[in-house]
Amino acid sequence: MNTEPPVNQGWFKRTQLGQQYLKTWPLVKQLAPVFPENRVIKATRFGIRFMPPLAIFTLTWQIALGGQLGPSIATALFACSLPLQGLWWLGKRAATPLPESILKWFYDIREKFAEAGIAMMPVEHTPTYLSLAELLKRAFKQLDHSFLDDI
């Protein structure tokens, strides 16, 4: 939990961090009104699953009909870029430091772990949304859901 994501990173590293964040963020309906992650993750997963087949269908359809390849290639590239845009956004969000209001909630959840007698690693850097995702994932597994009352 103490691995600090680099702030200035390349596009490929950013999408990899987005993929890690996508897998880490708990998709719980109580978090949906507060955080946009639930919607972005669902849309990104949809895009990963359905956009490549749509791109292939678009290309083969145009080739079969003898249509113009330029617009179909552009459409296919656009369709394939949508899930990458979602991963990039998630990677950027994962590396973003928490604002004050959420930072307070982050430390409140850590305190609930201490009250429950569950050991936590010390925070060695400014907490980011990825740190929050890891903490929330663990909290949903090990704590009662009373920590959601403080949102």
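1. A residue is called buried when its relative accessible area is under 20%, exposed when that area is over 50%, and partly exposed in between (1.4 Å probe, protein chains only). By this rule phenylalanine 106 is buried, at 1% relative accessibility, while tyrosine 107 is partly exposed, at 37%.

2. The model is predicted, so local features need pLDDT of at least 70 and side-chain atom pairs count only at pLDDT 80 or more, whereas totals for chains, interfaces and linings use all residues. Residues are numbered from 1 along each chain as its sequence is written, and side-chain values use heavy atoms, with hydrogens and water left out.

3. A pair of aromatic rings is described by the distance of the centres and the angle of the planes. Rings of Phe, Tyr and Trp (its six-membered ring) pair if their centres lie within 6.5 Å; planes under 30 degrees apart are stacked, over 60 edge-to-face, and the rest tilted. The count of aromatic pairs is six. In one of them, the centres of tryptophan 25 and phenylalanine 35 are 5.2 Å apart and the planes stand at 70°, so this pair is edge-to-face. Both residues lie in the loop between α1 (11-24) and α2 (37-65), so the pair ties together parts that are 10 residues apart in sequence. Helices here are DSSP runs (H or I, at least four residues), numbered from the N terminus.

4. How are tryptophan 25 and phenylalanine 35 placed, buried or exposed? Tryptophan 25 is buried, with a relative accessible area of 3%, and phenylalanine 35 is buried at 2%. Phenylalanine 106 and tyrosine 107 form an edge-to-face pair as well, with 5.3 Å from centre to centre and 85° between the planes. Ring pairs also link Tyr21, Trp25, Phe35 and Trp105 into a cluster.

5. Arginine 93 belongs to helix α3 and is buried, at 17% relative accessibility. Contact means heavy atoms within 4.5 Å. Not counting residues up to four places away in sequence, arginine 93 touches Tyr21, Phe35, Pro36, Glu37 and Tyr129. A charge sits over a ring if NZ of Lys or CZ of Arg is within 6 Å of the ring centre and within 35 degrees of the ring normal. The charged end of arginine 93 sits over the ring of tyrosine 129, 3.9 Å from its centre. Arginine 138 lies over the face of phenylalanine 113, at 5.1 Å from the ring centre.

6. Proline 36 is located in the loop between α1 and α2 and is partly exposed, at 24% relative accessibility. Beyond its neighbours within four places in sequence, proline 36 is in contact with Trp89 and Arg93.

7. Helix α1 has 14 residues. From first C-alpha to last, α1 reaches 20 Å, close to the 20 Å expected, the expected span being 1.5 Å times one less than the number of residues. Buried residues of α1 include Arg14, Leu17, Tyr21 and Leu22. The buried residues of this helix pack against α2, α3 (69-94) and α5 (129-142).

8. A nonpolar core is a set of buried Ala, Val, Leu, Ile, Met, Phe, Trp, Tyr and Cys residues joined through side-chain atoms within 4.5 Å. The largest such core has 31 residues, and those with the most contacts inside it include Trp25, Trp105, Ile109 and Phe147. Two or more residues each come from α1, α3, α4 (100-115) and α5; the largest share, eight residues, comes from α5. Setting aside neighbours within four places in sequence, isoleucine 109 is in contact with Leu135, Leu136, Ala139, Leu143 and Phe147.
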